[in-house]
Amino acid sequence: MRVWVNGAIRPGAEAQIPALDHGFTVGDGVFETMKVVSGRPFALRRHLDRLTTSARGLGLPDPDLDIVRRAVDETLAGNAGPGVGRLRITYTAGPAPLGSERGRGTTTLVVAVGPVTTWPDAEQVAVVPWARNERSAVAGLKTTSYAENVVALAHAHQRGATEALFADTKGRLSEGTGSNIFVVVEGRLLTPSLACGCLPGVTRALVLEWCGGDEVELPLSVLHEADEVFLTSSTRDIVPVRRIDTHDVPEAGGPVTMRARRIFAERSSADIDP
Ligand SMILES: Cc1ncc(COP(=O)(O)O)c(C=O)c1O
């Protein structure tokens, strides 16, 4: 795969950023991952909006979206082929001193593509013993500081699960390491509100707009009361959850989930940038 770095596109092994880039040394950067459909990025405008929001949240200069769009086009053109299923934009503070203090250098922009991600028909998830901090300075921002998610996902994998779930510091259901969660309780479609520290997922927003549903604060125990549970993310769209730790979800892939999947498939195939 060829990777776009600060204006030049090179084979992956040769694509480099400075060793003292603050994104590398302390995770001072933001990113977006989106699905690529027939060589085109899905929901690019929404992802660029969130990239800007995340950058502002870190106090980084706004990314130049004309440059980012051009970088996306050039990266997709330079990697044409059916194997390209996801695209990542990474935007960091650029070269800096060794500590947390930011440098005065220019920001770094990287655009890369990868193969399509495949998910099981229904997922098993594991609730992790660590909290999503809804009061964090970076709550709701898509920063490159993903080590907590890396540890949580490894914990889930060790238990045979494909995703980990976090509660927030108050014990409310929050999100997965790379996904948002929806539950169906007494026929109502519900998802944790943004106050519970979850990322404002692009897929989450589209599901709420297209399929309805309410954003509410949910105790973690809702996972044992829900008839249906599903995960959303840019690479998954909507995937039912069949098992949560040792608990089987009663109606995995039930009517509300299937209706949401059908609507999402129809609406997303009708508009590449909804
Ligand atoms: C922590 C986290 N929550 C939720 C999501 C889902 O967001 P989106 O639907 O925009 O992909 C992601 C995406 O990877 C994520 O990293």
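These legends describe close-up views of a predicted model. Local features need pLDDT of at least 70, side-chain atom pairs count only at pLDDT 80 or more, and totals for chains, interfaces and linings use all residues. Residues are numbered from 1 along each chain as its sequence is written, and side-chain values use heavy atoms, leaving out hydrogens and water.

**View 1. Helix α4 covers residues 147-158.** Helices (H or I, at least four residues) and strands (E, at least two) are DSSP runs, numbered from the N terminus. At 1.5 Å a residue, times one less than the number of residues, the 12 residues of α4 should span 16 Å. The end C-alpha atoms are 17 Å apart, which agrees. Just after α4, G160 has a positive phi of about 80 degrees.

**View 2. Helix α4 has buried and exposed residues.** N149, A152, H155 and A156 are buried (under 20% relative accessible area; exposed is over 50%, partly exposed in between; 1.4 Å probe, protein chains only). These four cover an arc of only 125 degrees around the axis, so they sit on the same side of α4. The arc is that of the directions from the helix axis to the C-beta atoms. On the other side, A147, V150 and Q158 are exposed. The cover over the buried residues includes β7 (123-132) and β8 (163-168).

**View 3. R236 lies in the loop between β13 (228-233) and β14 (237-244).** R236 is buried, with a relative accessible area of 8%. Its side chain makes a polar contact with the side chain of E123 (2.6 Å). A polar contact is a pair of N or O atoms within 3.5 Å; within protein, one must be able to donate a hydrogen and the other to accept it, and residues adjacent in sequence count only if both atoms are side-chain atoms.

Key. Contact = heavy atoms within 4.5 Å.
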